[in-house]
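Student: Could we go through this one together, strand by strand and then the helices? I have the structure open and would like to ask as we go.

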Amino acid sequence: MTNRDRLRHLNRELVGCRACPRLVRWREQVAIDKRAAYRDETYWGRPVPSFGDPSAPILVVGLAPAAHGANRTGRMFTGDRSGDWLFASLHRTGLANQAESVGVDDGLELRRVWITAMNHCAPPANAPTAAERDACRRWMEAELDILTPRVVVALGGLAWSACLRVLGDRGHPVPRPRPPFGHLAEVALDGVTVIGSYHPSQQNTFTGRLTEAMLDAVFVRADSLAGRGRPPGK
Ligand code: SF4
């Protein structure tokens, strides 16, 4: 089975997941209540599948779908301000064919990048519980098995900690104490490098904590470490 088939199969399983009762209730209630601006749209309201290039050497890890963003559109980071920033940066750095990301049929294609998240369901107040984070890590583990990425980009401190924890549990030699999160922080593990990036949330982009140039620098570095020009898997 090809990576594409395996990832498609995984996503098909994922969208039926109901392992976290609180998140199931929330994602479905938001899809009924809707935001006034989107009242004529049919919300996705289910676990949001990962997407991207099935041969990607770069795995981007976000936190969780936004209630009226990915929980509405059904695609990671699609339909919210964080996604506007993320995809614009991926486009500028040659990792996406376009900057716009408004819906699943908008023609967006990623190159060398696969986007996943710590949680695939929108949580109340953007805050999954520890148990919900633990329940959802099986999906990222399965993606790591399939993709064996050379670079993992962690968007935000929580994703940074989660990535180091998951990779450590999978036998990668994570230093002790764990390296602190920072923008462009980097940890080279056995065969995979984790890069930290401030999350492109409005909290960071409105305040200037994260600029376009800073986010671009993360993906330029990731692509360089992933060996741009090398065939996938080499
Ligand atoms: Fe399943 Fe993850 Fe959604 Fe929990 S957050 S219901 S584990 S997909």
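Student: In β6, which residue is the bridge partner of Val187?
Tutor: The partner of Val187 is Val194 in β6, and since this is a predicted model, please read everything I say as a description of that prediction. This pair belongs to the antiparallel pairing of β5 (residues 186-188) with β6, which is made by 3 bridges.

Student: And how many residues sit between β5 and β6 in the hairpin?
Tutor: The hairpin of β5 and β6 has 4 residues between the strands, and Gly191 in that turn has a positive phi of about 85 degrees.

Student: What about β4, does it run parallel or antiparallel to β6?
Tutor: β4 (residues 151-155) runs parallel to β6, and 5 bridges join the two; as one example, Val151 stands opposite Thr193.

Student: Is β6 mostly covered or mostly open?
Tutor: β6 (residues 193-197) is mostly covered, with 5 of its 5 residues buried. Thr193, Ile195 and Ser197 point one way while Val194 and Gly196 point the other way, and all of them are buried. In general, side chains in a regular strand alternate between the two faces of the sheet.

Student: Why does Thr193 count as buried?
Tutor: Thr193 has a relative accessibility of 12%, and because buried means under 20%, Thr193 falls in that class.

Student: What does Thr193 touch, beyond residues up to four places away in sequence?
Tutor: Thr193 touches Arg150, Val151 and Val152, then Glu186, Val187 and Ala188, and also Leu225. Val151 in that list is the residue that stands opposite Thr193, and Leu225 belongs to helix α8 (residues 212-225).

Student: Zooming out, what is the order of the strands in the sheet?
Tutor: The sheet is open and has 6 strands in the order β1-β3-β2-β4-β6-β5, with mixed pairing. Its edge strands are β1 (51-52) and β5, each of which pairs on one side only.

Student: Which helix packs on that sheet?
Tutor: Helix α6 (residues 157-169) packs on the sheet, where it touches β2, β4, β5 and β6, and its direction makes about 145 degrees with that of β4.

Student: How many bridges link β2 and β4?
Tutor: β2 (residues 58-62) and β4 pair in the parallel sense over 4 bridges, and within that pairing Leu59 has Val152 of β4 as its bridge partner.

Student: Switching to helices, at what angle do α4 and α8 cross?
Tutor: The axes of α4 (residues 81-92) and α8 cross at roughly 60 degrees and come within 9 Å of each other, and the two helices are therefore oblique to each other. The crossing of α4 past α8 is right-handed.

Student: Which residues meet there?
Tutor: From α4 there are Trp85, Leu86, Ser89, Leu90 and Arg92, and these meet Glu212, Leu215, Asp216 and Phe219 of α8. By class, the residues of this contact divide into 5 nonpolar, 1 polar and 3 charged.

Student: Last one: is Asn204 buried or exposed?
Tutor: Asn204, which lies in helix α7 (residues 202-205), has a relative accessible area of 11% and is buried. Leaving aside neighbours within four places in sequence, Asn204 is in contact with Tyr198, His199, Arg209 and Leu210.

Student: And how far apart are Asn204 and Val102?
Tutor: C-alpha to C-alpha, Asn204 and Val102 are 21 Å apart in space, and they are 102 residues apart in sequence.

Methods. Residues numbered from 1 in each chain as written. Predicted model: local features only at pLDDT ≥ 70, side-chain atom pairs only at ≥ 80, totals over all residues. Heavy atoms only, no water. Buried < 20%, exposed > 50% of the residue type's maximum accessible area, 1.4 Å probe, protein only. Pairing = 2+ DSSP bridges. Axes fitted to C-alpha atoms, helices over the stretch in contact; angles between N-to-C directions. Parallel < 35°, antiparallel > 145°, perpendicular 65-115°, else oblique. Left-handed = near helix turned anticlockwise from the far one by under 90°. Contact = heavy atoms within 4.5 Å. Nonpolar A, V, L, I, M, F, W, Y, C, P; charged D, E, K, R; others polar.
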